[in-house]
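Please consider the structure shown below together with its sequence. The paragraphs that follow lead from the surface to the packing of the helices, and then to pairs of side chains.

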Amino acid sequence: MTDSTDPSRVMMRQIAGAFHQYEKARLVAKLKAARQPKRELVGKVEGRKSWAEVDPQLVKEARRLRRRSPKGGQRFLRAVSEELARLGYVNERGAQFSASSVKSILS
């Protein structure tokens with residue numbers, strides 16, 4: 001099929017390529033049309049789930065722990081991570097959250 005010396009094979013390869021391009025464009029348009037109503041209804045359609053969607057209680061606890069205290073300052077992200085681990089909130093591998101993970105949870 002990839003032999004370029006035979007003109008009929010070149011023609012068939014070009015026809016097949018044009019057909020695949022048409023099918024891909026049609027599929028992309030169909031998927032876009034299906035996502036639009038769902039996006040209007042739900043809001044978020046694509047991408048990973050946020051921590052607020054996966055575990056809203058975790059986000060609530062992290063915000064509570066990070067909140068400024070009247071007497072002192074704000075806890076460091078690492079301290080929030082350690083306290084979350086003490087409360088039983090760990091990542092999917094069973095380890096405590098890193099500081100960058102706590103930052104993404106809070107945002």
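On the surface, Met11, Met12 and Ile15 form a nonpolar patch whose accessible area together is about 290 Å². Patches are built from residues with over 30% relative accessible area and no salt bridge, where like charges are joined within 9 Å and nonpolar side chains (Val, Leu, Ile, Met, Phe, Trp, Tyr) within 5 Å. Accessible areas come from the Shrake-Rupley method with a 1.4 Å probe, and for residues only the protein chains shown count as cover. Met11 belongs to helix H1, residues 7-42; helices (H or I, at least four residues) and strands (E, at least two) are DSSP runs, numbered from the N terminus. Met11 has a relative accessible area of 44% and is therefore partly exposed, given that buried means under 20% relative accessible area, exposed over 50%, and partly exposed in between (1.4 Å probe, protein chains only).

The model is a predicted one, in which local features need pLDDT of at least 70 and side-chain atom pairs count only at pLDDT 80 or more, while totals for chains, interfaces and linings use all residues. Residues are numbered from 1 along each chain as its sequence is written, and side-chain values use heavy atoms, with hydrogens and water left out.

The next topic is helix H3. Its buried residues are Leu58, Val59, Glu61, Ala62 and Leu65. Viewed down the axis of H3, these buried residues fall within an arc of 165°, so they line one face of the helix; the arc is that of the directions from the helix axis to the C-beta atoms. Pro56 and Lys60, on the other side of H3, are exposed. The buried residues of H3 pack against H2, H4 and H5, where contact means heavy atoms within 4.5 Å.

When neighbours within four places in sequence are left aside, Glu61 is in contact with Leu84, Leu87 and Tyr89. Glu61 also meets Arg64 in a salt bridge between their side chains (2.8 Å, N to O). A salt bridge here is a side-chain nitrogen of Lys or Arg within 4 Å of a carboxyl oxygen of Asp or Glu. The two residues are three apart in helix H3, so about one helical turn separates Glu61 from Arg64. Arg64, with a relative accessible area of 39%, is partly exposed.

In H4, the residues Leu77, Val80, Ser81, Glu83 and Leu84 are buried. Seen down the axis of H4, its buried residues lie within an arc of 165°, so they line one face of the helix. The cover over the buried residues of H4 includes H3 and H5. Leu77 of helix H4 touches Arg66, Ala99, Val102, Lys103 and Leu106, not counting residues up to four places away in sequence. Leu77 and Gly94 are 17 residues apart in sequence and 18 Å apart in space, C-alpha to C-alpha. Just after H4, Gly88 adopts a positive phi of about 100°.

Which ring pair does the model contain? Rings of Phe, Tyr and Trp (its six-membered ring) pair if their centres lie within 6.5 Å, with planes under 30 degrees apart counted as stacked, over 60 as edge-to-face and the rest as tilted. By this rule there is one aromatic pair. The ring centres of Trp51 and Phe97 are 5.3 Å apart and their planes stand at 90°, so the pair is edge-to-face. The pair links distant parts of the chain, 46 residues apart: Trp51 is in helix H2 (residues 51-54), and Phe97 is in the loop between helix H4 (77-86) and helix H5 (99-106). Trp51 is partly exposed at 27% relative accessibility, whereas Phe97 is buried, with a relative accessible area of 2%.

Salt bridges complete the account. A search of the whole structure finds eight of them. One joins Arg9 to Asp6, with the closest N and O atoms 3.9 Å apart; Arg9 is partly exposed at 37% relative accessibility, and Asp6 is partly exposed at 30%. Another is formed by the side chains of Arg93 and Glu92 (3.1 Å, N to O). Arg93 is exposed at 65% relative accessibility, and Glu92 is exposed at 63%. Finally, Arg35, Arg39 and Glu46 are linked in a network of salt bridges.
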